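Please consider the following model together with its sequence.

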Amino acid sequence: IESHRNQRRQEHVDAQRSLGNYRTQEELAARALKEAHELLVHEQAREPLRKQAEADCHRLEILSPKVEALSKAAEQLKTAEVQLAKAQQAKDNQKHLVTKCRGDITRTQKLIDEASGLLAKEQELKGELRELNSIHKALAKYTGQKTKHAGLQKDAKASGDLAGSLEKQLAAARKEADALQARWVKSQAAVLARSLKPGQPCPVCGGKNHPALAHGRAEAPEEEEISQAIENVQRLDREWSEARSQAEKDSAVLAVAEGALKAMEEELGESTRQNPSQIAKRRDKTETDLAEVQKQTGVLAETKKKLVDLRDEESPLDNHLSGLDAKLTAATARVAAAKEGLQTIANDLPEELRTPDTFSMALAKIRSSRDALVLALETAQNKEREVASAIEKATTQRAASEKTFEDASNHLKKAEEEFLRALSEEGF
């Protein structure tokens with residue numbers, strides 16, 4: 001019984017505490033409801049601002065097609081300006097081509113005019129070159145003839161000198177051989193004279209009288225020495241004959257060469273005094289000049305054809321330029337029309353809303369303000385509903401808690417009575 005009483009006491013304490021908590025929650029909810037109601041009243045007071053924000057949004061949204069039209073017109077203007085720039089560039093390029101073509105025509109015609117005298121110049125240079133080649137060839141031949149003549153002179157002198165030298169050697173050899181013969185004869189006469197006897201016939205002349213006998217004891221030369229002297233004379237005689245014949249031939253050849261040289265000198269005249277190397281230089285320069293002239297005359301026909309082609313190109317270029325002028329005029333007109341259309345649309349819009357970006361920013365800003373105001377009202381309304389629901393719940397919970405507390409109080413009272421009765425029954 002005591003335990004039951006204590007349990008009821010604890011339940012009573014718990015119920016009392018719970019009732020206190022629910023009463024506190026109810027009071028807090030009541031204050032929150034008051035605050036939520038005040039907030040709702042405040043937001044309801046801002047209804048004119050919401051209506052104005054909604055009106056501003058509606059006004060800007062109505063302007064949206066015009067802003068789009070303005071943007072489209074700006075794009076059209078930009079496109080027209082790009083087309084105008086392209087047309088201007090195309091015209092400038094075409095004008096440059098026309099100017100270049102006409103300049104090429106002028107320069108080509110000048111080249112043709114300058115080349116008109118090239119043919120005569122070519123013939124003149126060819127004649128000069130033939131003359132220089134002839135002179136150079138003749139001088140080269142003359143120089144060769146002079147060199148040949150000098151060589152022949154040298155050969156003729158050498159062969160003449162050799163013949164003269166051999167002639168002297170032959171004379172000396174003959175003299176030496178004659179002297180050897182004389183010595184031999186003289187020595188033989190003395191030998192015979194010593195062998196002769198009076199009245200005996202001479203083995204040479206057959207005479208028997210010997211009035212003048214040869215005297216002397218000269219040594220007789222050897223037969224071999226005499227033979228060698230005779231052979232030397234014969235050899236020198238042959239060599240002298242050959243040398244004399246060669247000298248006569250060389251003299252004859254020299255005479256012919258001298259005649260040819262003299263004929264060349266008479267033919268060349270003053271040209272013999274010219275320097276072959278200078279003539280060669282003049283010839284080389286003339287050949288270079290002729291090659292350049294022939295090169296120019298060679299391209300003359302090609303240049304004339306080029307002039308015809310350029311003249312054929314000039315007319316189409318002029319026609320195309322005229323067409324580009326028309327396109328440029330049309331592009332200019334389109335730009336002017338685009339500007340006028342753009343200005344017409346822009347006049348219906350505030351200046352600060354004439355670009356898509358500024359318009360989008362302004363519309364976004366006013367929508368944000370409107371949505372914030374609407375959201376604030378909805379938030380206040382929701383808050384009041386939530387707090388009203390909370391206070392209703394708190395009131396219900398507080399009433400239930402009061403009933404629980406009342407039941408706990410009755411149960412405690414009953415338990416106390418039962419406890420007291422039990423004590424009394426136990427004699428306390």
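The questions below treat the overall form first and then a single residue.

This is a predicted model, in which local features need pLDDT of at least 70, side-chain atom pairs count only at pLDDT 80 or more, and totals for chains, interfaces and linings use all residues. Residues are numbered from 1 along each chain as its sequence is written, and side-chain values use heavy atoms, with hydrogens and water left out.

Q: How many helices and strands does the protein have?
A: Helices (H or I, at least four residues) and strands (E, at least two) are DSSP runs, numbered from the N terminus. Along the sequence the pattern is α-α-α-α-α-α-α. The protein has 7 helices and 0 strands.

Q: What radius of gyration does the protein have?
A: The radius is taken over C-alpha atoms, and the globule rule is 2.2 Å times the number of residues to the power 0.38. The C-alpha atoms fill a box of roughly 250 × 90 × 25 Å along the principal axes. A compact globule of 428 residues would come near 22 Å, but the protein has 78 Å.

Q: Is glutamate 43 buried or exposed?
A: Glutamate 43 belongs to helix H1 (residues 2–45). Buried means under 20% relative accessible area, exposed over 50%, and partly exposed in between (1.4 Å probe, protein chains only). Because its relative accessibility is 6%, glutamate 43 counts as buried.

Q: Which residues does glutamate 43 touch, not counting residues up to four places away in sequence?
A: Contact means heavy atoms within 4.5 Å. With residues up to four places away in sequence left out, glutamate 43 touches Arg50, Leu373, Ala376, Leu377 and Ala380.
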